[in-house]
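Visitor: Could you show me how to read a strand and a helix, starting with a pair of residues that face each other?

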Amino acid sequence: MENVAIFDAPGKGRGLKATKEFWAGDVIFAEPSISAVVFDGQAERVCHSCFRSAGKDKLQRCGQCKFAHYCDRTCQRAGWAEHKQECGAIKAHGKIPNENIRLVSRIMWRLDKEGSVMSDMQLVTLDELEDHIPDMQEDDLKDLKVDINNFLDYWPRNSKQHTIDDISHYFGVINCNGFSVSDQKGLQAVGVGLFPNLCLVNHDCWPTCTVILNHGNQSAVNTMFHSQRRIELRSLGKIEEGEELTVSYVDFLNLSEERRRLLKTQYFFDCTCEHCKNHIKDDLKLAGLEVDGVKPTEEEVKEATDYCFQMLEKIDRSRLNGDYHEVVRFCKECVAKTEPVLADTHIYLLRIWSTFSEVQAYLQYFVEAAEYARKMVDGYSKLYHPNHAGLGMAAMRAGVTHWQAGEIEVGHGMVCRAYAILMVTHGPIHPITKDLEAMRMQTEMELRMFRQNEYVYHSMREAALKNKPMAMMHEPNSVEEGAKNLYHRKK
């Protein structure tokens with residue numbers, strides 16, 4: 001942690017600043033979790049040790065508590081230190097506690113064993129972190145009391161007993177500082193963990209840094225060769241010595257008013273960043289389409305915006321029901337009516353394009369999917385930071401869909417663009433970046449073949465697809481969500 005120092009950030013309390021100069025993609029610090037647990041809804045589909053999504057593979061269940069699931073014996077051995085006391089508590093209690101209770105319990109068992117400072121790299125103890133219990137709404141306080149009562153029923157009598165104030169504090173800490181843990185590919189949030197040093201990094205809607213989860217390596221048979229699951233704080237651009245390190249707690253695509261509301265409700269502070277104070281880019285996010293210097297009227301833009309909003313509700317309902325052809329019909333109707341009026345930076349139109357592209361790719365209409373994926377990248381480019389992970393993920397999707405559609409030149413360009421962004425945000429050893437590197441090499445080889453002889457390239461591509469038909473795509477689930485929502489919050 002020699003790269004950072006704690007300081008008093010004006011109007012924010014404590015924060016972290018850089019003690020040296022950094023450039024885009026530099027890892028400022030890495031930090032293992034104090035503990036992490038799988039979400040309740042993912043308990044049977046995700047390994048409780050390495051957090052890998054099982055997919056169609058069957059996980060092995062713990063023979064004692066029948067709750068924890070693992071890839072194999074190697075993962076079970078790796079996870080035993082954290083699961084040992086939990087296993088006995090679940091057996092004795094006879095019921096599975098929720099994810100908040102499981103996380104607080106694991107944290108407290110570790111505190112009891114190792115003390116408040118668990119590493120010489122730890123800058124802050126859990127007792128020093130804010131719990132914001134006095135700021136909670138009445139409904140949240142009721143949920144907190146229920147969790148505490150259920151925790152007291154679950155906590156073993158032979159474990160060290162703690163005061164209600166201490167227990168409440170730890171629940172408050174994970175409520176406002178819990179960090180979403182993604183699966184190995186980084187595409188889906190599957191759990192929640194606590195990283196104390198990360199809690200010191202303040203928010204800015206246009207941040208200097210991003211956070212990515214590195215799962216380390218748990219594949220070696222001998223657990224002594226495993227590396228820890230850890231977060232990495234990575235620089236998005238040049239950071240001067242003494243400059244504050246910030247990350248964004250909410251998605252910048254929200255309007256400044258909505259971002260401030262979310263930050264006040266979920267994190268209990270008023271955002272005073274430049275982008276919120278000056279409503280930077282809010283005009284683009286609800287803009288009308290300008291053609292040859294002519295703009296639509298405010299009434300036309302408002303009518304198209306309201307129509308988009310109503311259609312998004314219908315689209316979301318159809319999507320939840322798995323009626324993807326209905327989703328396509330709604331998207332086509334909405335696009336036909338609103339594209340002539342709304343700019344490509346309008347946030348509702350971007351949501352329509354995103355859903356349209358995902359569902360069309362799932363249904364294997366790759367030409368249409370590619371068109372809207374490209375439009376989405378164009379819009380994101382005008383709104384997001386040039387090294388934003390959401391932009392990188394969108395470019396990756398656009399690259400894949402253009403490649404699937406046989407548009408190799410655009411596909412290769414998008415893949416290269418995504419690779420450049422994710423090298424900054426994720427680094428060279430992250431599974432997504434490795435996949436992109438393989439894809440970049442593949443599309444580069446195909447592009448050379450295409451430029452040498454276009455007819456031969458398309459003939460070989462058609463023959464390959466006939467011999468090995470494209471498999472059905474995974475169900476759409478918003479690839480960018482993992483990149484946008486770093487922090488886990490109870491809905």
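Guide: In this predicted model, Val-37 stands opposite Val-192 in S8, and strand S4 (residues 35-38) pairs with S8 in the antiparallel sense over four bridges. Strands here are DSSP runs of E with at least two residues, helices are runs of H or I with at least four, and both are numbered from the N terminus; two strands pair if DSSP finds at least two bridges between them. Residues are numbered from 1 along each chain as its sequence is written. Because the model is predicted, local features need pLDDT of at least 70 and side-chain atom pairs count only at pLDDT 80 or more, while totals for chains, interfaces and linings use all residues, and side-chain values use heavy atoms, with hydrogens and water left out.

Visitor: Which strand do four bridges join to S8, running antiparallel?

Guide: That is strand S7 (residues 179-182), in which Phe-179 stands opposite Gly-193 in S8. S7 and S8 form a hairpin with six residues between them, and in the turn Gly-186 has a positive phi of about 80 degrees.

Visitor: Why is S8 largely enclosed by the rest of the structure?

Guide: Buried means under 20% relative accessible area, exposed over 50% and partly exposed in between, with a 1.4 Å probe and protein chains only. Five of the six residues of S8 (residues 189-194) are buried, so the strand is largely enclosed.

Visitor: Which residues are buried in H5?

Guide: They are Ser-256, Arg-259, Leu-262, Leu-263 and Tyr-267. Seen down the axis of H5, these buried residues fall within an arc of 125 degrees, so they line one face of the helix; the arc is that of the directions from the helix axis to the C-beta atoms.
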